[in-house]
Amino acid sequence: MMHKRYAEELARYNELVSRKNRKTNFYNGIYDRYEYPVLTRDHIPLTWRYDLNPETNPHFMERLGVNAVMNSGAILLDGKFYLVARIEGNDRKSFFGVAESDNGVDGFRFWDYPILLPDTCPEETNVYDMRLTKHEDGYIYGVFCSESKDTSVDDLSAAVAAAGIVRTKDLKTWERLPNLVTLHSPQQRNVVLHPEFVDGKYAFYTRPMDDFIETGSGGGIGFGLCDDITHAVIDEERMTSLRRYHTITEAKNGAGAVPIKTEKGWIHIAHGVRNTAAGLRYVIYAFATDLNDPAKVIAEPSGLLIGPREGERVGDVSNVVFTNGAIATESGEVYIYYASSDTRMHVAVTDVERLMDYVFHTPGDPLRSVECVALRCDLIRRNLEFLERQEEQKENR
């Protein structure tokens with residue numbers, strides 16, 4: 001006989017995953033925010049967490065609990081929206097699971113099983129934050145952080161980050177390739193594979209790092225080419241979007257979603273980090289690179305695109321939003337999936353036209369307060385003159 005609590009919990013689960021999402025009254029003209037997270041720990045199927053057999057679990061206890069669901073890669077296949085989410089167990093180990101939705105804003109349900117990656121790296125302790133690239137070579141690539149213990153120092157928390165690579169055709173069968181090697185950067189994370197060949201080679205956006213947490217000499221988001229993705233080696237990294245003093249990228253920045261191709265350039269949705277008295281603050285920002293030279297930045301609007309608001313600010317790592325997945329549909333809609341405070345997943349929806357307007361027409365950061373105020377005063381002056389002309393035209397009618 002099934003434990004009576006199972007029916008109660010299953011009803012709560014089905015109610016949650018069937019709940020319709022709705023736009024909030026937030027407005028900035030750039031994108032729409034949605035009220036409910038699209039994925040949380042409560043979206044994890046009961047079969048992943050509980051032993052349903054009353055003989056071996058008479059108190060219906062969670063045997064393998066889940067702490068958080070966050071940092072999802074995203075892809076559109078055969079008209080359905082898929083998120084490959086980072087799922088963190090109560091034991092702190094992360095793994096990946098595929099959640100599927102018909103409309104991209106609600107109804108996400110996980111497949112029956114999480115992804116069991118080929119165990120080809122015996123030193124690897126943890127995996128997380130997969131970016132999904134539908135590449136022109138016909139494969140879907142997942143690039144993720146592969147973390148292992150740093151045995152070179154006597155520090156139990158010291159770790160080494162590398163970019164792991166897998167590929168698939170259906171999100172079900174995954175082939176593990178050797179980790180990316182960057183000859184001049186000791187560690188890598190937040191690596192994204194460009195969706196097209198560049199000069200006949202595979203192209204990666206990288207984040208050069210001197211150690212696991214601090215970027216050190218890393219100046220921003222890098223870009224490098226390799227001949228063979230089955231043994232990916234990058235011997236030179238050019239810098240794209242740079243870290244700058246007293247900006248949202250001062251502490252570090254990293255590539256987020258796979259860039260979106262538009263008629264004016266590749267639009268990138270990335271994350272920037274700065275230090276505050278309360279710790280690191282993560283936000284999401286955007287920039288564009290040249291269609292023919294994806295390492296060349298051609299537009300970079302000032303400031304953040306998405307910042308943590310209200311309840312998004314609270315979680316395991318507070319005051320954080322982070323993205324590693326976005327979907328652009330054939331009709332031009334853009335779904336930006338982002339995690340808040342390393343705890344849950346949200347969606348913001350815009351379209352290519354609005355995103356291009358934002359990236360290419362929003363002023364860049366002049367990097368000094370006095371010049372920022374002058375820029376704002378110029379906007380105010382033009383607005384007041386516009387309103388005055390409107391009033392004059394109204395009186396003359």
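**A buried glutamine**

Let me start with Gln187, which is buried, at a relative accessible area of 6%. Buried here means under 20% relative accessible area, exposed means over 50%, and partly exposed is in between, with a 1.4 Å probe and protein chains only.

Before going on, a word on where this comes from. This is a predicted model, in which local features need pLDDT of at least 70 and side-chain atom pairs count only at pLDDT 80 or more, while totals for chains, interfaces and linings use all residues. Residues are numbered from 1 along each chain as its sequence is written, and side-chain values use heavy atoms, with hydrogens and water left out.

Back to Gln187, which lies in strand E11, residues 187–188. Strands (E, at least two residues) and helices (H or I, at least four) are DSSP runs, numbered from the N terminus. What lies 2.6 Å from a polar atom of the Gln187 side chain? The backbone nitrogen of Ala161 does. A polar contact is a pair of N or O atoms within 3.5 Å; within protein, one must be able to donate a hydrogen and the other to accept it, and residues adjacent in sequence count only if both atoms are side-chain atoms. Gln187 also has Ala162 at 5.7 Å, C-alpha to C-alpha, although 25 residues separate the two along the chain.

**Salt bridges**

How many salt bridges are there? The count is 24, where a salt bridge is a side-chain nitrogen of Lys or Arg within 4 Å of a carboxyl oxygen of Asp or Glu.

One of them joins the side chains of Arg33 and Glu312, at 2.8 Å from N to O. This pair links distant parts of the chain, 279 residues apart: Arg33 is in strand E1 (residues 32–33), and Glu312 is in the loop between strand E22 (297–299) and strand E23 (321–328). Arg33 has 5% relative accessibility and counts as buried. Glu312 counts as buried too, at 10%.

Another joins Asp129 and Arg86, at 3.3 Å from N to O. Here too the pair links distant parts of the chain, with Asp129 in strand E6 and Arg86 in strand E3 (residues 80–89), 43 residues apart. Both Asp129 and Arg86 are buried.

The side chains of Glu175 and Arg167 form a further salt bridge, at 2.8 Å from N to O. Glu175 is partly exposed, with a relative accessible area of 35%, whereas Arg167 is buried at 13%. Salt bridges with shared partners also join Arg5, Glu8, Glu9 and Arg12 into one network.

Strands of a sheet pair through backbone hydrogen bonds, either parallel or antiparallel. In this model, 4 strands form an open sheet in the order E12-E13-E15-E17, and the pairing is antiparallel. Strand E12 (192–193) and strand E17 (238–242) each have a single partner strand and stand at the edges, so one side of each has no neighbour in the sheet. Two strands count as paired if DSSP finds at least two bridges between them. E12 and strand E13 (residues 202–206) are joined by 2 bridges. Leu193 has Phe204 as its bridge partner in E13.

The largest cavity has about 80 Å³ of space. It is lined by 13 residues, with Arg19, Pro37, His43, Asp106 and Gly107 nearest its centre.

The second largest cavity has about 60 Å³ of space. Among the residues that line this second cavity are Val192, Tyr205, Thr240 and His268.

Conventions. 1 Å grid on protein atoms, 1.4 Å probe; cavity = no way out; pocket = protein on both sides within 12 Å on 5 of 7 lines; lining within 4 Å. Points joined across faces, edges and corners; volume = space filled by probe spheres on them.
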